[in-house]
Amino acid sequence: MKAEALLEFEEHLKAGRPLTVEECLALLSELWRLKTALAGKNMGMSYWRDSYTQAKSDLDRVTDENRRLNEEMSHFAAVIALPRCELESRWSNCAVRRLKNVNDDAMIEEEAPKLLSWEP
């Protein structure tokens, strides 16, 4: 419904003239249209609030995981000085493999049975 028609209805009511049945039906239709539009907007806002909450929890989870991985990498760097790959400007894959091999070798040595008493 156009704003002009609504203003005309308002003028009729201020002048003390009653509205016709068609005008009343038009007003009711407009009220229902506005109510439906408002309900749709509220549903949209609810969706975006829920999406924001989910995205915020995902961001917090990923931030915590990133912090944990940074701490783990710092620990590994402190245990074994990992060489940096100057070409890639990051920790090299060979250094990570070397660290894994050192850890695997340590596990094998711990699990090996000692056959003689003078073996370390």
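**Confidence, fold and contacts**

A: Let me begin at the end of the chain: over residues 115–120 pLDDT stays under 50, and the model has two contacts beyond four places in sequence for that stretch. Keep in mind that this is a predicted model.

Q: How should I read coordinates where pLDDT is low?
A: Where pLDDT is low, the predicted coordinates should not be read in detail.

Q: OK, and what is the mean pLDDT of the protein?
A: The mean is 77, and 65% of the residues reach 70 or more.

Q: Which elements have the lowest and the highest mean pLDDT?
A: Strand 1, residues 84–85, has the lowest mean at 56. Helix 2 has the highest, at 89.

Q: Let's back up a bit. How many helices and strands are there in the protein?
A: There are three helices and two strands. Along the sequence they come in the order α-α-β-β-α.

Q: And how much of the protein is buried?
A: Buried residues are 9% of the 120 in the protein.

Q: Tell me about helix 1. How many residues does it have?
A: Helix 1 has 12 residues. From first C-alpha to last it reaches 17 Å, close to the 16 Å expected at 1.5 Å a residue.

Q: What comes just after helix 1?
A: There you find G16, which takes a positive phi of about 90°.

Q: I was looking at L19. Where is it?
A: L19 sits in the loop between helix 1 (3–14) and helix 2 (21–79).

Q: Is L19 buried or exposed, and why?
A: L19 counts as buried because its relative accessible area is 17%, and the cut-off for buried is under 20%.

Q: So which residues is L19 in contact with?
A: Setting aside neighbours within four places in sequence, L19 is in contact with F9, H12, L13, C24 and L27. Take F9: L19 and F9 are 10 residues apart in sequence, and their C-alpha atoms are 7.3 Å apart in space.

Q: Switching to the surface: which residues form a nonpolar patch?
A: V21, L25, L28, L31 and W32 form one, with about 560 Å² of accessible area together. One of these, L25, lies in helix 2.

Q: Now charges. How many salt bridges are there in the whole structure?
A: A search of the whole structure turns up six.

Q: Let's go through some. What does K14 form a salt bridge with?
A: Its partner is E10, and the closest N and O atoms are 3.5 Å apart. K14 and E10 are both in helix 1, four residues apart, about one turn of the helix.

Q: Is K14 buried or exposed?
A: K14 counts as exposed, at 68% relative accessibility. E10, on the other hand, is partly exposed, with a relative accessible area of 38%.

Q: What about K56 and D60?
A: Their side chains meet in a salt bridge, with 3.6 Å from N to O. Because K56 and D60 are four residues apart in helix 2, about one helical turn separates them.

Q: And how exposed are K56 and D60?
A: K56 is partly exposed, with a relative accessible area of 38%. D60 also counts as partly exposed, at 36% relative accessibility.

Q: One more: what does R68 pair with in a salt bridge?
A: R68 pairs with E65, where the closest N and O atoms are 2.6 Å apart. Both lie in helix 2, three residues apart, about one turn of the helix.

Q: Which residues are linked in a network of salt bridges?
A: E65, R68 and E72 are linked that way.

Definitions and conventions:
Residues are numbered from 1 along each chain as its sequence is written. This is a predicted model: local features need pLDDT of at least 70, side-chain atom pairs count only at pLDDT 80 or more; totals for chains, interfaces and linings use all residues. Side-chain values use heavy atoms; hydrogens and water are left out. Buried means under 20% relative accessible area, exposed over 50%, partly exposed in between (1.4 Å probe, protein chains only). Contact means heavy atoms within 4.5 Å. Patches are made of residues with over 30% relative accessible area and no salt bridge: like charges are joined within 9 Å, nonpolar side chains (Val, Leu, Ile, Met, Phe, Trp, Tyr) within 5 Å. Accessible areas come from the Shrake-Rupley method with a 1.4 Å probe; for residues, only the protein chains shown count as cover. A salt bridge is a side-chain nitrogen of Lys or Arg within 4 Å of a carboxyl oxygen of Asp or Glu. The expected span of a helix is 1.5 Å times one less than its number of residues. pLDDT is the predictor's confidence in each residue, from 0 to 100.
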